[in-house]
Amino acid sequence: IPPGHTAFSWFGGNPKPPHGHTQFSWMGGVAPSAAAATAAGGGAAGAAAGGSLVPTPSGFLGRTIIAEALAAEVALVGQSVTLCGWARTVRVGGNKETPIAFIELNDGSCFGNIQIVAAKEDSPAAFAVANDHSVTGTCFLVKGEVVESPAKGQKIEVKASEVVCLGTCPGDTYPLAKGRHPLEHLRNISHIRPRSNTIGAMFRIRNAVAAGVHNFFQSKGFLYLHAPLITSSDCEGAGEMFSVSTLMNEDPKKIPTLPNGKVDFAQDFFAAPTFLTVSGQLEAEAYACALSKIYTFGPTFRAENSHTPRHLAEFWMIEPEIAFADLSDVMDLAEGFLKGVCSWVLEHCAADLEFMEKMYLKGLTQRLRDVVEQKFTRMPYTEAMEHLTAVKGRKWDFQPKWGEDLATEHEKYLTEELIKGPVFVTDWPKDIKSFYMRVNDDGKTVAAVDCLLPKVGEIIGGSQREERLDVLLERMKVMNVGEEHLRWYTDLRRYGTCPHAGFGLGFERLVMFCTGLENIRDVIPFPRYPGHCV
């Protein structure tokens, strides 16, 4: 832990790692090394202070992480290293008398590969192993000397003295043989696809987004709440929830029922109908109304029979909640949050962003910079509708009408044509929003907000919560939300109520935005959707 830091304060989100470290190497637990210090600009003085130029070995067999080796570049020349990883490619060159095996080795720590050179003339045994297992996907351990590379596009390579095959890979059945694979194919091999360039880059960006989320909130004094996954209430009132029950473990003929034929959940594990949560917001409100600033970041579930590229049955939600706050405070927080996370990703994922921009979305890096640099416009829903209905000669698929939700085409017009930047749409009609949103003085709208981004549409939904007990109870009655399972929620208004507000953000939607991938099934390690749970 650096001087002046506790473990909590450092891992809670200090924006930069110690001198001589990449974010990866420090968070991975590797001690600072002179090689990394030199690569980071420490020069000879840093090398002298740290002794050996070799990054401190970590993990299996004292191996050097490939990300550190590549970061150190020529500072490692002449040093011995041990590397482990999977072969992206293996080829044999040279001539018949002096053949040379070339292995492109990757351990997942970064986008780049390091080239292993196993010459028969220098190390017959190392060459033999590489030659006998020259199949993409083979797992190798390599020992050798770092040398300057004569090849274009790489500064160093490893001259192998020893090559060990840790795991063979049959090339005739390996589903990630050399070549580019469609994302549809990768979705069918979710256990193998992390070895692909696309999913590897996606996951490192996803990791950085998660780190950026925690860094933002921890740096602003928020407390991290683990919201429960099992609940007896439906926060969104959608009714599309997964049931949680032990009764189905019994013989179907023995499932207890009521006189009306319905299942008698009083005899179930929790003595009541229970579900997998769709949101941790209500529980977050309870803690915000005691600890002032909290955030949740965890899995949520929705039993929606949707096959669109924007929906999953299991996904992660980020839900901050702040006491003594109104709708304006929520927008300030949401804008700062998006800027902070995008800035974090830009700082820590340059190589992966470069790949995603080349392969999937030109202008991806600029899209993130735009969020960081642009001011977010704030516009009431009524004004947005006025703009939409005033457009002449436009044929809408869904005619804009006050009291209706915004369609994707409306969001695109507002962000890409009218404003040409991010937009907060505020003060929505109360009949199309949730029961917990604060009713405005006009009696027609609620203090709700949607954050819209160009090319993406809605990415954040938030509101000031209804803190007045009588108004909340009336809204619940009108919207058929029973109080029997939410008595604890209304108690927050009975005992020391306070103005409070918050927002929700689908984590995978944010990862889609930061990677340029257009299908949500490609930005989560093991996607769950109708008909698919592998």
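Student: Contact means heavy atoms within 4.5 Å, so which elements do the buried residues of α8 pack against?
Tutor: This is a predicted model, and in it the buried residues of α8 pack against β6 (223–225), β7, β10, β11, α15 (487–494) and β16.

Student: Which residues of helix α8 are those buried ones?
Tutor: Helix α8 covers residues 281–291, and its buried residues are Q281, L282, E283, A284, E285 and A288.

Student: Switching topic, in what order do the five strands of the barrel come?
Tutor: The five strands close into a barrel in the order β1-β2-β3-β5-β4, and their pairing is mixed. On average, neighbouring strands of this sheet are turned by 50° against each other, with direction ignored.

Student: How many bridges hold β4 and β5 together there?
Tutor: Strand β4 (residues 139–148) and strand β5 (residues 156–167) pair in the antiparallel sense over ten bridges. Along that pairing, V146 stands opposite V158 in β5, while E145 has K159 in β5 as its bridge partner.

Student: OK, what about the open sheet, which strands form it?
Tutor: Three strands form that sheet in the order β7-β9-β8, with antiparallel pairing. The edge strands are β7 (230–231) and β8, each of which pairs on one side only. Strands β8 and β9 pair over two bridges, and T274 in β9 is the bridge partner of V244.

Student: Where does F269 sit, and is it buried or exposed?
Tutor: F269 lies in the loop between β8 (243–244) and β9 (274–276). Its relative accessible area is 62%, and because exposed means over 50%, F269 counts as exposed. Together with L229, I230 and F270, F269 makes a nonpolar surface patch of about 400 Å².

Student: And N440, is that one buried or exposed?
Tutor: N440 is in the loop between β13 (423–429) and β14 (445–453), and with a relative accessible area of 18% N440 is buried, because buried means under 20%. Leaving aside its neighbours within four places in sequence, N440 is in contact with D427, T445, V446 and A447.

Student: New topic, how many salt bridges are there?
Tutor: The count comes to 21 salt bridges. One of them joins the side chains of R378 and D332, at 2.5 Å from N to O. That pair links distant parts of the chain, since R378 is in strand β12 (residues 377–380) and D332 is in helix α9 (residues 327–348), 46 residues apart. R378 is partly exposed at 32% relative accessible area, and D332 is partly exposed too, at 44%.

Student: Why are K339 and E335 about one helical turn apart?
Tutor: K339 and E335 are separated by about one helical turn because they are four residues apart in helix α9. Their side chains meet in a salt bridge at 4.0 Å, N to O, and both residues are buried. As a general point, an α-helix has 3.6 residues a turn, so residues three or four places apart point the same way.

Student: Which residues make up the salt-bridge network?
Tutor: R487 forms a salt bridge with D491, with the closest N and O atoms 3.5 Å apart, and salt bridges that share partners join E483, R487, D491 and R494 into one network.

Key
Residues are numbered from 1 along each chain as its sequence is written. This is a predicted model: local features need pLDDT of at least 70, side-chain atom pairs count only at pLDDT 80 or more; totals for chains, interfaces and linings use all residues. Side-chain values use heavy atoms; hydrogens and water are left out. Two strands pair if DSSP finds at least two bridges between them. Axes are lines fitted to C-alpha atoms, for helices over the stretch in contact, and angles run from 0 to 180 degrees between N-to-C directions. Patches are made of residues with over 30% relative accessible area and no salt bridge: like charges are joined within 9 Å, nonpolar side chains (Val, Leu, Ile, Met, Phe, Trp, Tyr) within 5 Å. Accessible areas come from the Shrake-Rupley method with a 1.4 Å probe; for residues, only the protein chains shown count as cover. Buried means under 20% relative accessible area, exposed over 50%, partly exposed in between (1.4 Å probe, protein chains only). Contact means heavy atoms within 4.5 Å.
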